[in-house]
Every structure is written in structure tokens, then in C-alpha cells.
Amino acid sequence: MSSSVYENYEAVIGLEVHAQLLTESKAFASVSTEFGGSPNTQVTPLCLGHPGTLPVLNENLVRYIIKMGLATNCDIARKSIFARKNYFYPDLPKGYQISQYETPICKDGHISITADGYDKEIGITRIHMEEDAGKSIHDQDPFNTLIDLNRAGVPLIEIVSEPDIRTAKEAYEYLKRIKQIVQYLEICDGNMEEGSLRCDANVSVRPKGQEEFGTRTELKNMNSFRNVERAIEFEIERQIDLIESGGEVVQQTLLWDANKMETRMMRTKEEAHDYRYFPEPDIPPVVVTDEMLDDIKSELPEMPDVRKQRFIDEFDMSKDDAQTLTEDRYLADYYEEVLRHAGNPKAVSNLVLTEVLRTLNDRSIDIQEFPIGEERLAGLVQLREDDKINSSAMTEIYDAMLNEDKSAEALAKEMNLVQVSDTGFLEPIVDDVIEEHPDEVERYRDGKKGLIGFFIGQVMQRSQGKANPQMVREMITERLEA
């Protein structure tokens, strides 16, 4: 189908993002939430849905969601209640999920994104608290589905956007922004591969200019930002192709197949499912006092946009460099800690934005796993700033530091890369080079100033690369132009 046909349509996209919170215990039970435990070892009678068990609210669940609400410009409800969301699924032993329904604790917020060169504000309908379900495992037994309830009861927040997103790229940038915010707040690690950040997308299309929404489909099983973008792109084109060929979009839930790069039907939804919500009788209302709200506000970190602007203003940094360094809170923290020991913002940012990011990409690691600590990297920067090593030596030493837990200065000495700035050592070498090349001296003095490189090269060769090139240049220039 020609691209002009697609241009006649507009997509309407809303995202539902679940963020698994970094609390030490579950939402309503004092059992560990640590990822990776043996199946069904992190459970209590409450997690297993035993009769007579009573939930006890984890205070950090409330504090973390309020932080998220404040960071996304939401109104914070001073009183909210939990509700039981009733449905059957094998990994939900209680037969219901404790969630929120009519009274979410955060609502009417927004965040700003930048996509394809333009800025846009995406509304947030609500952010509410709930517990996670267990995990069904389908690929370890050819005849049975296995159930791991370690995840049952892990605290979640669900972030529901307004249908303000119009392109797959906007959805990608929105999701990146959500991940950035939860990481800055340190309430979720944002790892989609481990399931701590999960996203469902509601997608519909309509002719441009039409106000009424089209029939939507729900996309699931997207375990990376790129898969979210690809799945939405595919679904937009699929719906347009279907409408143009005379068909109708059916409301249904679709799974994204990342191997085939296509969606497939999971189930058809003629009407919204009736979850028979009713107020949770075992948990009292959540009341947010002025004192509690002020206390949580005081704990908020410097948010990414504010930090980016500070980097631009305080360190005379370009907008692009500041954007890259503040994208990840831990990378920004690393940069500032190196700077605290080294002192030159430009020199530090150059090294972090080139060599450090290259290493992170090559090794597929985060800055928390980076083997060179802040003080050691600052030592490398300082060696270069003090002209004790040249730029090529700096790269050699950096590569060595990745594999050896030694200071930059110690490695520079071991590798014989320290530049000599001792005039007593350099003067006789410079004098000998000038004395042995009278023809070049005469040509230089006749105007062939480019020969300065020849003399510097000779001195560097005789000093086995140890001489400080800048000092050598100054000494030769002084003699030749005397």
C-alpha cells in the first residue's frame, strides 16, 4: 500500500505501564521480593491465598507511588482506598488482586517528551497501587504449566496514560521517560527483560480530522522498548490495511511475536471484562497528611530535566552532551563524582562520553558494573591535565585500567608512558637535534615553519616518546627564532 494512504490516518495510542517497586518486602506480606529465588520459596500463607490471612500494607508502597505522582505532576489524593479486582487465573491463588479502582492515589498528571525533534506533553490519567500476580511457566514441561508464586504480592504501580500518543516513536520516548523517572526516584530498576517494567499498549486508528476513536486492540508481550515501538508500528499498519481492504478492526488482545515481527491473537474482547470491583474490607483507607507529603517532597532527587539544565549552565556543556549524561541517573552521578576529584568538566565529560560509553556498549553493562571507580578515572584525567601523559597514552592507560585494579599513575609508570617535563633532561637532546640538522635549521629560518614538526619528531624519537611535546615545541621554537 502506498505511503500516501497511511498519511490519511492518525493513530491513537495509550500505554499502561506496570513498574515493580524496589521494596524489600511484598505489598501486603513481610516476605522478600528479591529477584531470582528458587520457585515458590518467597511465599507466605497470604501469597498462597489461604483463608483467614490478613494483608498489612507496606508503607514504602505508598511513599514510592507518591514520589512517582509528584514527579509526574499528578494530584495526590489525601484519602484513597484499595479494591478487590476479581478474576480467575492459575497464578492468582486468591482469585482476586488487591488494586485500586475509583479512588487512585495519583491522577491528572503529565510528562514531557521529545520525539523526532518536537516536544510534546503526554497526559497521565492515573497511577494506582496494586499487587503482582505469580508467574506461569509454559516452556519447562511438555504437558503442564508450572506456577511460581514468588512474584505474587510484589508491589506494583500502574501508570495509565491519556490517549495522547500518536506515533510509535512517541510511545518509545514516553516509555523511556517513565523508566528514567523511576530510576531517578530509585523506586524501580526499569528492567523490562526481568519484568520489573512492563507495558501494554492500546492502539486504534482513525481518519485524520475525525474526533471519534476507532476500535482499539491491546498489545501485550513486549519485553523491550524497541519491541514496543515495532509492535505499535506493525499494528498501526495492520489496522489501516484492514480498513482499506474493506474489513473491520475487532477489539481483541494481541501478543507480539518478536521473532516473526508480527502480532497474533490472544483473545477477542467484545466487551470490557467485569472484574466485579468492590472495596477491600481488610485494608483501611490510605490517608496522606500534610506532614507526610512534605516529608516525601523533601526526599525527591534532582529530576533529569533540572539536572540537564544545571549541567548546561554550570559546566558550559552542550545540550546534547547534557542530555546523554543525564539520561541515566547513575551515569550522571558517576560523572559528577569523577568531576569532584578531577576538576575539569570538559575533560571529564569527553572521557565519559567517548571511552566510558564505548565500554558500556561493547560489554552490554550498566555504569554500576563499570570496573573503573570514580577516583581512579579522575586520576587518569588529572594525569592528562597535568601534561604527564599524552592523548594516545591516555587511551592505552584507560584500556589497561579496565583489566587491572591499579591507579592511572602506577600504570603510566609501569607502561613507561609518563612524559618528561624536566628541562635538564630535554635541553641536551634538543640542542643535539638542532646542531645535527643545520640545513633544516636554515630552511626553517627562511620561512619553512612546518619543519617544527620534524624537530619535535626527532626529539620524541630520541627520548623514546617520553618528552612532553608542548615543552619540546616551546624549547625548539625559542632556539630557532633566537
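**Close-up views of a predicted model**

**View 1. Helices α15 and α16 cross at roughly 125°.** Helix α15 covers residues 452-462, and helix α16 covers residues 469-480. Their axes come within 10 Å. At this angle α15 is oblique to α16. The crossing of α15 past α16 is right-handed. From α15, the contact takes in I452, F455, I456, V459 and M460. From α16, P469, V472, R473, I476, T477 and L480 take part. By class, the residues of this contact are 9 nonpolar, 1 polar and 1 charged. This is a predicted model, and the views that follow come from it too.

**View 2. Helix α14 meets α15.** Helix α14 runs over residues 438-445. The axes of α14 and α15 come within 10 Å and cross at roughly 145°. On the α14 side, the contact is made by E440, V441 and Y444. On the α15 side, I452, F454 and F455 make it. This contact of α14 with α15 has 5 nonpolar residues, 1 charged residue and no polar ones.

**View 3. Several residues of α15 are buried.** Which residues of α15 are buried? They are I452, F455, I456, Q458, V459 and M460. What covers them? The cover includes α13 (423-436), α14 and α16. I452, F455, I456, V459 and M460 meet α16. Just after α15 comes Q464, with a positive phi of about 60°.

**View 4. Helices α3 and α6 cross at roughly 85°.** Helix α3 spans residues 168-185, and helix α6 spans residues 304-315. The two axes come within 10 Å. The angle makes α3 roughly perpendicular to α6. Three residues are named on the α3 side: R177, Q180 and Y184. In α6 they meet P304, D305 and R307. The contact of α3 with α6 divides into 2 nonpolar, 1 polar and 3 charged residues.

**View 5. T263 sits in strand β14.** The strand covers residues 262-268. Is T263 buried or exposed? Its relative accessibility is 12%, so T263 counts as buried. Which residues is T263 in contact with, leaving aside its neighbours within four places in sequence? They are L219, F234, E235, R238, L254, L255 and W256.

**View 6. T253 sits in strand β13.** This strand covers residues 252-257. The relative accessibility of T253 is 0%, so T253 counts as buried. T253 and L219 are 34 residues apart in sequence. In space, their C-alpha atoms are 6.1 Å apart.

**View 7. Cysteines C47 and C199, with C188 as the reference point.** How many disulfides does the model have? The count comes to 0. C47 is in no disulfide, and the nearest cysteine sulfur, that of C188, is 19 Å away. C47 has 8% relative accessibility, so C47 counts as buried. A disulfide needs the two sulfur atoms within 2.5 Å. At 3% relative accessibility, C199 also counts as buried.

Terms used:
Residues numbered from 1 in each chain as written. Predicted model: local features only at pLDDT ≥ 70, side-chain atom pairs only at ≥ 80, totals over all residues. Heavy atoms only, no water. Axes fitted to C-alpha atoms, helices over the stretch in contact; angles between N-to-C directions. Helix = DSSP H or I, 4+ residues; strand = E, 2+ residues; numbered from the N terminus. Parallel < 35°, antiparallel > 145°, perpendicular 65-115°, else oblique. Left-handed = near helix turned anticlockwise from the far one by under 90°. Contact = heavy atoms within 4.5 Å. Nonpolar A, V, L, I, M, F, W, Y, C, P; charged D, E, K, R; others polar. Buried < 20%, exposed > 50% of the residue type's maximum accessible area, 1.4 Å probe, protein only.
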